[in-house]
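Let's take a walk through a protein model, looking at how its rings and charges pair up.

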Amino acid sequence: MVALTDEEKAMRDGRDGDAVAAAMDLLIRYADALGAAHLCETRNVAGTNTQPSPAKTKLFEEGGWSKAFAVISLDCDDDIEVPRMKVPTCQLQHGFGDDALGIMPYSERNIELQADAESFYSSKGVNVLATCTPYQVGNLPTYGEHIAWMESSAVVYANSVLGARTNCEGGASTGSASITGRIPCWGNHLVENRYGSHLIESGLRMTGFQDWGLFGYFVGDAVQEARPVMVGDLGQPDLADLKHFGAAAASSGGVEMYHIPGRTPDAPTLEAAFGRAAPPGPLHYGEAERRAIYDSLNSIGNSEDVDFVLIGCPHASLEQIGRVARALEDRTLSAGTELWVMTPRALRAVSDRNGWTATIERAGGRVLTDSCPAMSRAAPTGTKVFATDSAKQAHYLPAILGIEAWFGTTEECVDAAVTGRWRGSLAPAAVVR
């Protein structure tokens, strides 16, 4: 049974009200099921409360947002009032907002309900960042900090690139953590569970965004939920590269943490990455493996007529938006093709000031916020074939929406938006000699 401090016992016993007591009851049951010896203190929670799913909508109609929070986030059927968040808490991506009205087949009622939920939860202290990349817009945990985050691509980034500590949490655990400041201390919170398990040796040089996506998809498929350590001529990846790599690895597998010796904070050396244990024999990544992954991601594409191009999964960085804008200078989208760039609202504001949004919109594209087609299960009406530079979206969206997919570079995707045709191909990799 999980050991509790006096403070945690007081919360469990109702000192801070019924909602906190219910949250502690859930966290204790959760910790016991996991075999956690104790709870971690956390001051950083990233969850999702505001998207009006059918279940949340029904509960809201029965008893308001407090009822929805009690049932979904606290596993509690009692009528209780949601208190103010005890620790800094942010809302991750949710459904589309009012900037999408008239652009896609997404319920106006859902947009209205979500706006109402935003008002409710922000009054309780939730920061509505509305993005799968909270680390891009103000929620940047420090090295070694215990956090409680949902969203697989954010979790792998936080653990690996920032050196924070979190498991891939759910709505109930993050909801309970937000009003208690506690989360079960197990898995990635423990140092001994953060060392590398597999050695991946790349015989190819990483030369750009697409290479990191292909490499991530290979690594995730190879190790599944384990902790890979990558070596080779990997160069100096930027935020977008590592965002893309982690999201791909978390999609083809369930990777929540990886190491790149000399690049990620828990692995200053190869020895440190494995906790002084002898590294295992390496798995090799070469041109044949790269080609196989590319072919796999493009295996659902048959028709070369592209209806829809999606950029920004995980949500696009400023550099990614700028690349799209530069590629669209003095060009116009094909009449039968739509282009959406998904990004956080905070970055959309910078894009507006930089003139990038205007450039993209002049060409016929859109810069949208808060959500993505996979999260909201919505794409332009009549979409049959889409193209993307995201390995994660190429993995998920065909199954979610029943459409064909093409995966390529950002520039190939922009070309598809302009021509209405897929003309992408895999360029030869730079082989390490």
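A residue is called buried when its relative accessible area is under 20%, exposed when it is over 50%, and partly exposed in between, using a 1.4 Å probe and protein chains only. Glutamate 287, for instance, has 32% relative accessibility, so it counts as partly exposed. Keep in mind that this is a predicted model, where local features need pLDDT of at least 70, side-chain atom pairs count only at pLDDT 80 or more, and totals for chains, interfaces and linings use all residues. Residues are numbered from 1 along each chain as its sequence is written, and side-chain values use heavy atoms, with hydrogens and water left out.

Stay with glutamate 287 for a moment. Which partner does it have? Arginine 290 forms a salt bridge with glutamate 287, and their closest N and O atoms are 3.4 Å apart. (A salt bridge here is a side-chain nitrogen of Lys or Arg within 4 Å of a carboxyl oxygen of Asp or Glu.) The two sit three residues apart in helix H10 (residues 287-297), so about one helical turn separates them. Helices (H or I, at least four residues) and strands (E, at least two) are DSSP runs, numbered from the N terminus.

Other salt bridges reach across the sequence. Arginine 323 and glutamate 411 meet through their side chains at 2.9 Å, N to O. Arginine 323 lies in helix H11 (residues 318-327) and glutamate 411 in helix H16 (residues 410-419), so this pair ties together parts 88 residues apart in sequence. Arginine 323 is partly exposed at 24%, and glutamate 411 is partly exposed at 39%.

Now look for glutamate 8, which forms a salt bridge with arginine 182, with the closest N and O atoms 2.7 Å apart. Glutamate 8 is in helix H1 (residues 6-12) and arginine 182 in strand E6 (residues 182-184), so the pair links distant parts of the chain, 174 residues apart. Buried or exposed? Both glutamate 8 and arginine 182 are buried. There is also a network of salt bridges linking Glu7, Arg15, Asp16 and Lys86. How many salt bridges does a search of the whole structure find? It finds 25.

Let's turn to the rings. The structure holds 15 aromatic pairs. Rings of Phe, Tyr and Trp (its six-membered ring) pair if their centres lie within 6.5 Å; planes under 30 degrees apart count as stacked, over 60 as edge-to-face and the rest as tilted. One of the pairs joins phenylalanine 69 and tyrosine 121: it is tilted, 6.2 Å centre to centre with 50 degrees between the planes. Phenylalanine 69 lies in helix H3 (residues 54-74) and tyrosine 121 in helix H4 (residues 108-123), so parts 52 residues apart in sequence are tied together. Phenylalanine 69 is buried, at 2% relative accessible area, and tyrosine 121 is buried with a value of 2%.

Phenylalanine 96 and tryptophan 340 make an edge-to-face pair, 6.0 Å centre to centre with 75 degrees between the planes. Phenylalanine 96 is in the loop between strand E3 (89-91) and H4, while tryptophan 340 is in strand E12 (residues 338-343), 244 residues apart. Both are buried. Elsewhere, Trp212, Phe215, Phe218, Phe245, Tyr258 and Tyr285 form one aromatic cluster.
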